[in-house]
Amino acid sequence: MYDAIIIGAGMSGLAAGIRLAYYGQNVCILERHYTIGGLNSFYRMAGRDFDVGLHAVTNYAPKGDRRGPLGRLLRQLRFKWEEFALCEQRGSVIAFPDVTLAFDNDIELLKSEIAAKFPGKADAFERLLANIIDYDDISDDNYAGSARDILGETLGDPLLVEMILCPLMWYGNARERDMDWGQFCIMFRSIFLEGFARPLKGVRLLLKNLVRKYRELGGELRLRNGVQRIVHDDDKAVGVVLDSGEELQARKIISSAGWFETMRMCGQPQEKLAGSPGVLSFIESISVLNRQPKDVGFDPTIVFYNDSEKFHWETPLGEMCDTRTGVICSPNNFVYPGDAQLDEGFMRITTLANFDRWTTMSDEDYKQAKLKWYDQAVASAVRFIPDFRRHVVATDMFTPKTIHRYTWHDNGAVYGAPEKRLSGETHLKDLYICGTDQGFVGIIGSIVSGLSIANRHVLQSAT
């Protein structure tokens with residue numbers, strides 16, 4: 001009998017496991033795949049290390065700053081700041097056809113950009129800043145509400161509204177076309193008020209540190225042990241049955257698999273559940289260059305681009321991908337200590353994609369589609385940045401099919417379902433969810449989600 005079983009060895013599941021193990025809980029993390037991290041993972045191909053999922057860690061805080069989510073998770077997981085080894089971004093850009101806005105980890109740059117490029121809107125932007133809800137105040141009571149409507153009323157400039165929404169939706173919005181106000185506030189603070197950073201060694205450093213800490217505390221991690229179903233006695237969860245048929249019992253169960261995915265494990269038919277699974281999925285190309293990106297004229301850390309004044313955030317229906325908007329990120333363009341640098345140049349380009357189209361073709365058609373859409377995504381991106389294509393020496397791409405394989409999220413939805421379950425509670429006693437569908441996204445958000453659910457529903461109930 002375990003004190004807690006955690007389904008999924010992603011960031012939120014590992015964080016929950018560490019927190020519980022610190023307090024002497026007998027914890028087992030179950031992961032269907034052979035590796036950890038879910039979509040935020042890494043792999044090695046042709047002698048090169050590749051990150052997937054992670055562009056940048058949001059919610060950056062400098063050493064010694066104990067405020068915000070990063071400070072909180074370092075305290076509760078008992079990591080030293082140096083163990084995350086976060087290096088700040090050089091600076092990023094929101095690029096629309098006739099206007100660009102530069103920003104970095106100091107909100108003053110974005111303020112000055114808005115004052116210069118949207119005359120008369122500086123005061124309106126200050127009013128928006130005053131209205132941003134603090135993380136600790138986000139609840140079911142103030143989470144809902146149209147971010148587009150509130151931004152329109154506050155800022156009074158349609159183009160500025162679209163430009164502010166663009167990076168926030170790209171990095172954490174499961175809802176098409178609009179964004180819940182609470183989610184907007186979470187993402188605004190994490191990107192514009194706290195900012196981007198990255199370890200020189202990438203996501204593997206974060207994951208290896210989390211696993212090391214968990215195992216040092218006596219936690220059990222079982223890879224290639226997927227959960228087939230959650231066992232319940234009337235209205236109480238009591239254990240799980242693995243894909244192998246083995247049954248494990250636990251006093252508490254935390255699932256990071258997603259709301260609808262967890263409900264399926266409980267035997268709940270989807271048609272009886274409120275809401276619907278997320279539909280927003282991506283392709284992402286990785287281009288390896290024979291030189292550093294700055295040497296071909298690409299200096300920003302991240303560019304969020306859109307080729308019209310209206311930002312379209314929805315599943316492409318007529319095509320496999322929508323290249324009108326995207327994200328261009330170079331992991332080379334962070335301020336690494338001692339001018340350290342990655343051995344090769346990397347450019348990563350992310351584009352909206354249609355899950356159904358990518359998962360209903362033959363293997364040969366799939367290979368051809370990857371080649372075609374790599375070319376089209378890069379061609380779209382180089383309208384906004386220097387053309388790096390003649391320096392490419394290797395490429396790879398993940399698609400909605402890849403995302404589904406490593407996360408099992410319906411529709412390959414990167415940010416889960418539009419309706420978030422902020423309390424983490426389910427219809428069963430002692431079964432809770434953490435991670436993307438609980439409401440916090442990104443690396444730091446996922447870790448905070450795992451901590452919050454462990455604290456609130458396991459540790460507090462044990463005292």
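This is a predicted model: local features need pLDDT of at least 70, side-chain atom pairs count only at pLDDT 80 or more; totals for chains, interfaces and linings use all residues.
Q: Into which domains is the protein chain divided?
A: The assignment divides the chain into domain 1 (2-85 + 203-276 + 419-459), domain 2 (92-193) and domain 3 (279-407). For domain 1 and domain 2, the C-alpha centres lie 29 Å apart, and the contact between these two draws 11 residues from domain 1 and 15 residues from domain 2.

Q: How should I read the area buried between domain 1 and domain 2, and which residues of domain 1 supply it?
A: Buried area is the accessible area that two parts lose on being put together, summed over both. Here domain 1 and domain 2 bury about 1,100 Å² between them, with carbon and sulfur atoms giving 60% of that area. On the side of domain 1, Leu-422, Phe-440 and Val-441 supply 38% of what this domain buries against domain 2, more than any other three residues.

Q: Which polar and charged features does the rule find across the interface of domain 1 and domain 2?
A: Side chains of opposite charge can pair when their charged atoms come close. Across this interface the rule finds 1 salt bridge, and it also finds 3 residue pairs in polar contact, both partners being at pLDDT 80 or more. Sorted by class, the side of domain 1 that touches domain 2 has 5 nonpolar, 4 polar and 2 charged residues. Elsewhere in the list of pairs, Glu-419 forms a salt bridge with Arg-175, and the closest N and O atoms of that pair are 3.4 Å apart.

Q: Is Thr-154 buried or exposed, and what does its side chain reach?
A: The cut-off for buried is under 20% relative accessible area, and Thr-154 counts as buried because its relative accessibility is 14%. This residue has its place in helix α7 (residues 147-155), where the side chain of Thr-154 reaches the backbone oxygen of Ile-150 at 2.8 Å. Leaving aside neighbours within four places in sequence, Thr-154 is in contact with Ala-124, Arg-127, Leu-128 and Asn-131.

Q: Where do Lys-111 and Glu-126 lie?
A: Lys-111 forms a salt bridge with Glu-126, the closest N and O atoms being 3.2 Å apart. Because Lys-111 lies in helix α4 (residues 107-117) and Glu-126 in helix α5 (residues 122-131), the pair ties together parts that are 15 residues apart in sequence. Glu-126 is partly exposed, with a relative accessible area of 36%.

Q: Where in the chain are Glu-246 and Arg-222?
A: The side chains of Glu-246 and Arg-222 meet in a salt bridge at 2.8 Å, N to O. This pair links distant parts of the chain, with Glu-246 in the loop between β11 (236-242) and β12 and Arg-222 in strand β9 (residues 220-222), 24 residues apart. Glu-246 is partly exposed at a relative accessible area of 33%, while Arg-222 is buried at 17%. Salt bridges that share partners also join Glu-83, Arg-212 and Glu-216 into one network.

Key:
Residues are numbered from 1 along each chain as its sequence is written. Side-chain values use heavy atoms; hydrogens and water are left out. Domain bounds come from an automatic or database domain assignment. Contact means heavy atoms within 4.5 Å. Buried area is the accessible area (1.4 Å probe) that two parts lose on being put together, summed over both. A salt bridge is a side-chain nitrogen of Lys or Arg within 4 Å of a carboxyl oxygen of Asp or Glu. A polar contact is a pair of N or O atoms within 3.5 Å; within protein, one must be able to donate a hydrogen and the other to accept it, and residues adjacent in sequence count only if both atoms are side-chain atoms. Ala, Val, Leu, Ile, Met, Phe, Trp, Tyr, Cys and Pro count as nonpolar, Asp, Glu, Lys and Arg as charged, and the others, Gly among them, as polar. Helices (H or I, at least four residues) and strands (E, at least two) are DSSP runs, numbered from the N terminus. Buried means under 20% relative accessible area, exposed over 50%, partly exposed in between (1.4 Å probe, protein chains only).
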